[in-house]
Amino acid sequence: MKYVTEFRDSKAARALSEAIRRTVRRPWTVMEVCGGQTHAIVRFGLDALFPPDLTLVHGPGCPVCVTPVGLIDQAIHLASLPGVVFCSFGDMLRVPGSARDLFAAKAAGGDVRVVYSPLDALALAQAHPDRQVICFAVGFETTAPAFAAAVVQARRLGVKNFSLLVAHVLVPPAIGAILNAPGNRVQGFLAAGHVCTVMGCEEYDELVRRHRVPIVVTGFEPLDILEGVLLLVRQLEAGRAEVENQYARSVRRQGNPEAQAILREVFEPAPRAWRGIGEIPQSGLRLRHAYAEFDAVERFRGDVALVGEGGVEDAECRSGLVLQGLLKPPDCPAFGNRCTPERPLGAPMVSSEGACAAYFRYRRRTDSLQEVRHGE
Amino acid sequence: MCLAVPGRVLHIEEGPLLTATVSFGGVTKDVSLVLVPEATVGDYVIVHVGFAISKLDEQAAQRSLEAFAALSELGEPEESAP
Ligand code: SF4
């Protein structure tokens, strides 16, 4: 596929990894924030190409993983109500709530539908005017404009039976929380290229100023990630701390103004608890008052209150440590035995961006380098 | 969740959602261009959950690939490294 395959070339991958080796002189710890990048790193074995002095830790960039268990419980309850069609991205279905998951709600008769786009959920609402269609709005700044556009379109069309259960999270406050944590050892970040495609780079200027850490906005293909790491270690070795843009084919400095405008029109920042991590101030989004009619929490106030916000985590799951880069998935005692994609104890084992899922899927093979070599 | 893939715009329909037919290596999908209204037929766009989120800058992509190629030439003697 054009603009994908070329960025998986093995010869260039080797040249980049050589350049990284030549650059690194001291030990460094850097974090890739986005779970999509985590998957590419583990799938293509990119970490094996780094010198021993360079430690790459995986970050919290998996919106499904950080959705609080209380919110999953609310989703499960709403999905089980008669007259409701509950729409979600597929990887949310196996995420454990306190007692069960959305898949179990579906098996028990709830009308749970997997959608690819918020517009699919809106189309379902139009097709079933007698039902209440709720869509689980999960994702970072990349995804929020799509849900905002669906809400604006619902209002334009006068669709009254469409609402969102909003679980959106924002990246910069999470990076700030990692840097502020006592014992933080992350010295530089690969920022998520698609988040910055929407939001631009300015919020990261602020983080760099405040914390003096280099941040490289990076794409998702193997060569993007290797080049992002190279730019990062060059900054670290030179004692620089700047925002650099590796992913210029998609990211403009000012971001995407249309996407930002519709996001701000429909949503506003709000405090948000991150599963396994805890509350981070102003790190989530909620619907603005003017769009409250599309808020499932408002529309089903009584039901949501019944469930509450508590939720019970599995006692054994270490997802909080995994999401903060403090524990590698294979070092979790439950990994691969009591916790597998078929019987997960935590969200990172089932999300398409979860670090535990990445290691389970790819780390038991030895041919990962081969894959870079052959493109796809 | 932030998975977004480049595809080529084949056709654009008028309407509030600016729905376009986009080809991903031959497989076509309906994609809204409402967040990237400047995209035209023939452009590559980066698509996430049914919406284009940016117009791919083909010159920037070319510059990256040329830089990689140049680095590969330099790295040639070390090809045998593990
Ligand atoms: S392997 Fe399973 S139990 Fe361990 S942290 Fe990951 S999701 Fe939680």
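Predicted model: local features only at pLDDT ≥ 70, side-chain atom pairs only at ≥ 80, totals over all residues.
Residues are numbered from 1 along each chain as its sequence is written, chains are lettered from A and ligands numbered from 1 in the order in which they are written, and side-chain values use heavy atoms, with hydrogens and water left out.

Helices and strands are DSSP runs, numbered from the N terminus (helices H or I, at least four residues; strands E, at least two). Buried means under 20% relative accessible area, exposed over 50%, and partly exposed in between, with a 1.4 Å probe and protein chains only. Helix H2 of chain A spans residues 35-43 and is mostly covered, with seven of its nine residues buried. These are Gly35(A), Gln37(A), Thr38(A), His39(A), Ala40(A), Ile41(A) and Val42(A). Gly45(A) follows H2(A) and has a positive phi, near 65°.

Helix H12 of chain A covers residues 257-266. Its buried residues are Ala259(A), Gln260(A), Ile262(A), Leu263(A) and Val266(A). An α-helix has 3.6 residues a turn, so residues three or four places apart point the same way. The buried residues of H12(A) pack against helices H7 (144-157) and H9 (193-199) and against strands S10 (267-274) and S11 (278-287) of chain A. Contact here means heavy atoms within 4.5 Å. Asn256(A) caps the N-terminal end of H12(A). One of its side-chain oxygens lies 3.0 Å from the backbone nitrogen of Glu258(A). A polar contact is a pair of N or O atoms within 3.5 Å; within protein, one must be able to donate a hydrogen and the other to accept it, and residues adjacent in sequence count only if both atoms are side-chain atoms.

Strand S1 of chain A (residues 28-34) contains Thr29(A). Thr29(A) is buried, with a relative accessible area of 11%. Leaving aside residues up to four places away in sequence, Thr29(A) touches Thr55(A), Val57(A), Arg185(A), Val186(A), Gln187(A) and Gly188(A).

Seven aromatic pairs occur over all chains. Rings of Phe, Tyr and Trp (its six-membered ring) pair if their centres lie within 6.5 Å; planes under 30 degrees apart count as stacked, over 60 as edge-to-face and the rest as tilted. Phe89(A) and Phe147(A) form an edge-to-face pair, 6.0 Å centre to centre with 65° between the planes. This pair links distant parts of the chain, 58 residues apart. Phe89(A) lies in the loop between strand S3 (84-88) and helix H5 (102-107), and Phe147(A) lies in helix H7, both in chain A. Both Phe89(A) and Phe147(A) are buried. A tilted pair joins Phe140(A) and Trp274(A), 6.3 Å centre to centre with 40° between the planes. Phe140(A) lies in the loop between strand S5 (132-137) and H7 of chain A and Trp274(A) in strand S10, so the pair ties together parts 134 residues apart in sequence. Phe140(A) counts as buried at 2% relative accessibility, and Trp274(A) counts as buried at 3%.

A charge sits over a ring if NZ of Lys or CZ of Arg is within 6 Å of the ring centre and within 35 degrees of the ring normal. The charged end of Arg249(A) sits over the ring of Phe7(A), 3.6 Å from its centre. The charged end of Lys29(B) sits over the ring of Tyr116(A), 4.0 Å from its centre.

A cavity is a set of points where a 1.4 Å probe fits but cannot get out; a pocket is an open set with protein on both sides within 12 Å along at least five of seven lines; lining residues have an atom within 4 Å of a point. Grid points are joined across faces, edges and corners, and a volume is the space filled by probe spheres set on the points. The second largest pocket has a volume of about 540 Å³. Of its 19 lining residues, Leu71(A), Val166(A), Pro271(A), Arg272(A) and Glu309(A) are the closest to its centre. S11(A) gives the largest share of this lining, five residues. Three cavities of 30 Å³ or more are found in the whole structure. The largest cavity holds about 110 Å³ of space. It is lined by 14 residues, of which Cys317(A), Arg318(A), Cys332(A), Cys339(A) and Cys356(A) lie nearest its centre.

Most residues other than glycine have a negative phi. Gln282(A) has a positive phi, near 50°. Gln282(A) lies in strand S11 of chain A and is partly exposed, with a relative accessible area of 42%. Leu18(B) also has a positive phi, near 45°.

Conventions. 1 Å grid on protein atoms, 1.4 Å probe; cavity = no way out; pocket = protein on both sides within 12 Å on 5 of 7 lines; lining within 4 Å.
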